[in-house]
Amino acid sequence: MSEVRHVPPELSSFVGRAAELAAIGELVAAGEVAAGGVLSLVGPGGCGKTRLAIRVCHDQAESWPDGVVWVSLEHEPDGNQVVHRIAEALDILLPAGSDPLPALTLGLRDREQLIVLDNCEQVLDGVAHAIAAIRAGCPRVGVLATSRATLGVDGERVWRVPAMDLSDALELFLERTRTTERAAATGPDARARARRVCDRLDRLPLALELAARWAGTLSLAQIADSLSDPYALLADGVRTAPFRQQTLAGSMRWSHDLLDPDEQVLFRRLGGFEPGFTADAVVELAALEALPGGQVPPERRLAALRGLVDKSLVVADPTGPVARYRMLGVIRAYALARLADAEESELVRDRHLDLQLSLLERLAPLLETDKDSWRMRVAAEYLNLRAAVEWGLSRVDPTRGRRLAAGMAWLWHLGSNGTDGVRLLRLAAERGSGERTPLQAQVLVSLALVVDTNLPGGERYEVARAALDLAAEVGAPAAGRLARSLVGVGLHGSDLGRARAEAVRARDEAAQAGDGFVADASGALVGLVHLLRDEHREAIDHLEPALDGLLRRGDRGVASSSLGWLALATARSGELRRAGELAERAVATAEPLRDFHRTGMARSVLAEIRVLQGRIEDAAAALDPIDRLLADSDDPAFIPGWERIKATLALHQGQPYEAVQWCRREGRWQAEPTDDALTPETRLVLATALRESGDRAAAGQVLAALADSPLARDMPRVRAGGLEQQALLADPTDPERGLALHHEAMRIRAERGLVLECINSLESLARLALRRGAAVPAGVLVGAAERARSQAGAPPDSPLRGPAEPGSARLAEPAVREAIERGRAMELAAAVGYAARSRGPRRRPDSGWASLTPAERSVVGLAVRGLSNPEIAARLFMSRGTVKTHLGHVYAKLQVANRTELARVAASNAADPG
């Protein structure tokens, strides 16, 4: 059995690291080390290098016929003594007074052995000379080294020891807490609290072990909260550990003392960078005029950075187009402490702010030509940019912070960090409160731009309006053009006419000024207004040319939304196949943004198209990526249409109660959410869900309020849908009223060319005809609806064929089947005309009791029983304004002046069924 000599004992259990052990073990047993190579385990203090090496020695001893020998260098400060320490561990005698290396290699020449050199960083030159001699003269001897810095020898294979993965870190921390006198790691929330500790300590084993010692004194939540200053909490450790590992500060001090003076200067100043910086940024920071603590000479700047990487104080990631660097959090905290000791903190942060401003100024031209490239390059620097904004806004003169915040607006508009943008731009606007300057106009329009994709409600309109007024006052035309377009965006949820007017003016002004983005974005907004008004041909005519410009410039945010609107306009025109293709393109355009708002909107549109195509599972699949992201997010995301399509899916899956909840979730942004705060489209889905759940009274109230909404009255599809739902709520004893409402809904739909909704109307009227026993007319309508379904790309079979449908069996009768075939020969417009004619003429006189419509008679019946207008509205599921209108018509037709006279006329005609 192979011997394992001088390997330190493991005084506590070894936790995790299975993947690391497997990778290192493979190299030690059969890889480069077995062929006389050198494997160095390199990493910062406390990352677990020694523990990994100890475990590898035990696991791989059988691979080495002459065993494994451990050589501890932790207490050796003299590089000239390294050879002697190796010889002592190997029991090789060295001659006095001469070069010891030949004797060492002579003693090792015939051995097949693994030598482990632990803690090499303070004696690198001595280690390098010894390894070079061993490699030259002992081809079957392998070397495994642990060091905070690379060895710098030929043939060295550097294996950087990573932080523990999360599951291993949690297991280590929780196990160590259980060894304390009063273990704190119990209960169902222990892992969640422990995760906060692990994340704050970068999952470094030493730091976790030291933190776990507090578990008998503090709760896990208190430990995590205390780690804002890890060096204060982790100042006490195991007295038997090496001195450099008794405290976290001791471990860091040991690494810091190994740096040369230039590296020490650069180390502390790099603490001013957030994780993720480039070599160019380091050079620029060092190239600024000398700070009181000294300047790193130009020829030493990159060399000092490389030295920090080699010594495991900076982590390099060379995998991207440009290498990036970062410090682990606990290392950066130490660097910041040294920066404060040198009294350079404010100066370095000011320099850092200037660097970020310079970066945005250099990249600004890309906003006009290649917004994708701008976004990706700025996003890579996001943590540094955000920190610089926060620092700039905290200064006595916040001008630079406000400029930087305004310059980042597009990143916050397009990306997933919009809540940061809203917070910081609000602060920037507040710091400039009362200013009448172009900068304040730019800050306000930037805030409106970011609010647009992150918050619903009126703030975007109010801020955009203020920006527009200020831009006009101070002569900032570019800010004014974007502000006017955003004013139009803010109005589209309340006043479509004003929204269109502002969008048209913004488009025309931008086109004249050569502002391509605002011109195209405003043109797309005009198209959206036409879509909401169900003027689909006009919507398409405005959206298509706007899309050309947006896509050509890489403005994928507005472009993806515009593709979604074009998909909806196309679907409602009856071209579901083409609409599906456009919706898929909208998703593909939005997804590189990796945001919630645009990607969520695009996926919501795709899901809506899939529902219209009858592909319910595909609709759910379209939403699934956003659903999973939202489940893991603490912040509510503003995704227009998402809650509504989730509710629509729930209805199709037979879950009306869940649909009600989804609809009302749309109003969660309100301080006191009400149904009236929902969009008209969502209120219509809510009324449907309430009706299907059995709450007919609540459904009627929602429909009554919807009928009173000025915005809904400008949206024919919603208005017709409301009438259809009122028809389904109508009193069964008054079938004429329900029939009248269905016909009015069909008339509106036909007027606006709402193909899919006209199909719904035909099927609703066919259902009523079947219930009345008029199976042949019903067959004609079913056949026409099925033809229209097939042409539109909807599911070909009418739902009236379902076994649960009353009267569906009659569709199989020969005469009805013949009628279905006649219907299949009809174009949709002809079928709508047939349906209208089949109702028969309404031969009512112009005045007198016989002139009253069924709806008017229903109102009269309740009025003469003493019900007030609001009570009548609630009972008949109509708005108060509709009740008032009906009574006005009744009074004129019957030539009465009040309810008393009305009651007398009604009583005298009580026997007339009309």
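User: What lies over the face of Phe517, and at what distance from the ring centre?

Analyst: In this predicted model, Lys371 lies over the face of Phe517, 4.2 Å from the ring centre. The distance cut-off for a charge over a ring is 6 Å, and 4.2 Å is within it.

User: Which ring does the charged end of Arg338 sit over?

Analyst: The ring of Tyr334. The charged end of Arg338 is 4.5 Å from the centre of that ring, again within 6 Å.

User: How many aromatic pairs does the structure hold, and what makes Phe273 and Phe277 a stacked one?

Analyst: There are five aromatic pairs. For Phe273 and Phe277, the ring centres are 4.9 Å apart and the planes meet at 25°. Centres within 6.5 Å count as a pair, and planes under 30 degrees apart count as stacked, so this pair is stacked. Both Phe273 and Phe277 are buried. Together with Tyr325, Phe273 and Phe277 form one aromatic cluster.

User: Why is the pair of Trp642 and Trp662 called edge-to-face?

Analyst: The centres of Trp642 and Trp662 are 5.1 Å apart, with 80° between the planes. Since the limit for a pair is 6.5 Å and planes over 60 degrees apart count as edge-to-face, the pair of Trp642 and Trp662 gets that name.

User: Which parts does the pair of Trp642 and Trp662 tie together?

Analyst: Trp642 belongs to helix 33 (residues 642–652) and Trp662 to helix 34 (residues 656–665), so the pair ties together parts 20 residues apart in sequence.

User: How do you know whether Trp642 and Trp662 are buried or exposed?

Analyst: By relative accessible area, with buried meaning under 20%. Trp642 has 4%, so Trp642 is buried. Trp662 has 15%, so Trp662 is buried too.

User: Where does Leu678 lie, and is Leu678 buried or exposed?

Analyst: Leu678 lies in the loop between helix 34 and helix 35 (680–692). Its relative accessibility is 5%, which is under 20%, so Leu678 counts as buried.

User: What does Leu678 touch, leaving out residues up to four places away in sequence?

Analyst: Leu678 touches Cys663, Arg664, Glu666, Gly667, Arg683 and Leu686. Cys663 is 15 residues from Leu678 in sequence, while their C-alpha atoms are 7.9 Å apart in space.

User: How do helix 31 and helix 32 lie relative to each other, parallel or antiparallel?

Analyst: The axes of helix 31 (residues 597–612) and helix 32 (residues 616–631) come within 7 Å and cross at roughly 170°. Angles over 145 degrees count as roughly antiparallel, so helix 31 is roughly antiparallel to helix 32.

User: Which residues meet in the contact of helix 31 with helix 32, and how do they divide?

Analyst: Among those in helix 31 are Thr599, Arg603, Leu606 and Val611. Those in helix 32 include Ile616, Asp618, Leu623 and Ile626. The residues of this contact divide into 10 nonpolar, three polar and three charged.

User: What is the phi of Arg594, and what makes Arg594 exposed?

Analyst: Phi of Arg594 is near 50°, a positive value in a residue other than glycine. Arg594 is in the loop between helix 30 (576–590) and helix 31. Its relative accessible area is 72%, and the cut-off is over 50%, so Arg594 is exposed.

User: Where is Gln895 found, and why does Gln895 count as exposed?

Analyst: Gln895 is found in the loop between helix 46 (880–894) and helix 47 (899–908). At 70% relative accessibility, over the 50% limit, Gln895 counts as exposed. Gln895 has a positive phi of about 55°, although it is not a glycine.

Key
Residues numbered from 1 in each chain as written. Predicted model: local features only at pLDDT ≥ 70, side-chain atom pairs only at ≥ 80, totals over all residues. Heavy atoms only, no water. Axes fitted to C-alpha atoms, helices over the stretch in contact; angles between N-to-C directions. Helix = DSSP H or I, 4+ residues; strand = E, 2+ residues; numbered from the N terminus. Parallel < 35°, antiparallel > 145°, perpendicular 65-115°, else oblique. Contact = heavy atoms within 4.5 Å. Nonpolar A, V, L, I, M, F, W, Y, C, P; charged D, E, K, R; others polar. Phe/Tyr/Trp six-rings, centres within 6.5 Å; stacked < 30°, edge-to-face > 60°. Buried < 20%, exposed > 50% of the residue type's maximum accessible area, 1.4 Å probe, protein only. Lys NZ or Arg CZ within 6 Å of the ring centre and 35° of its normal.
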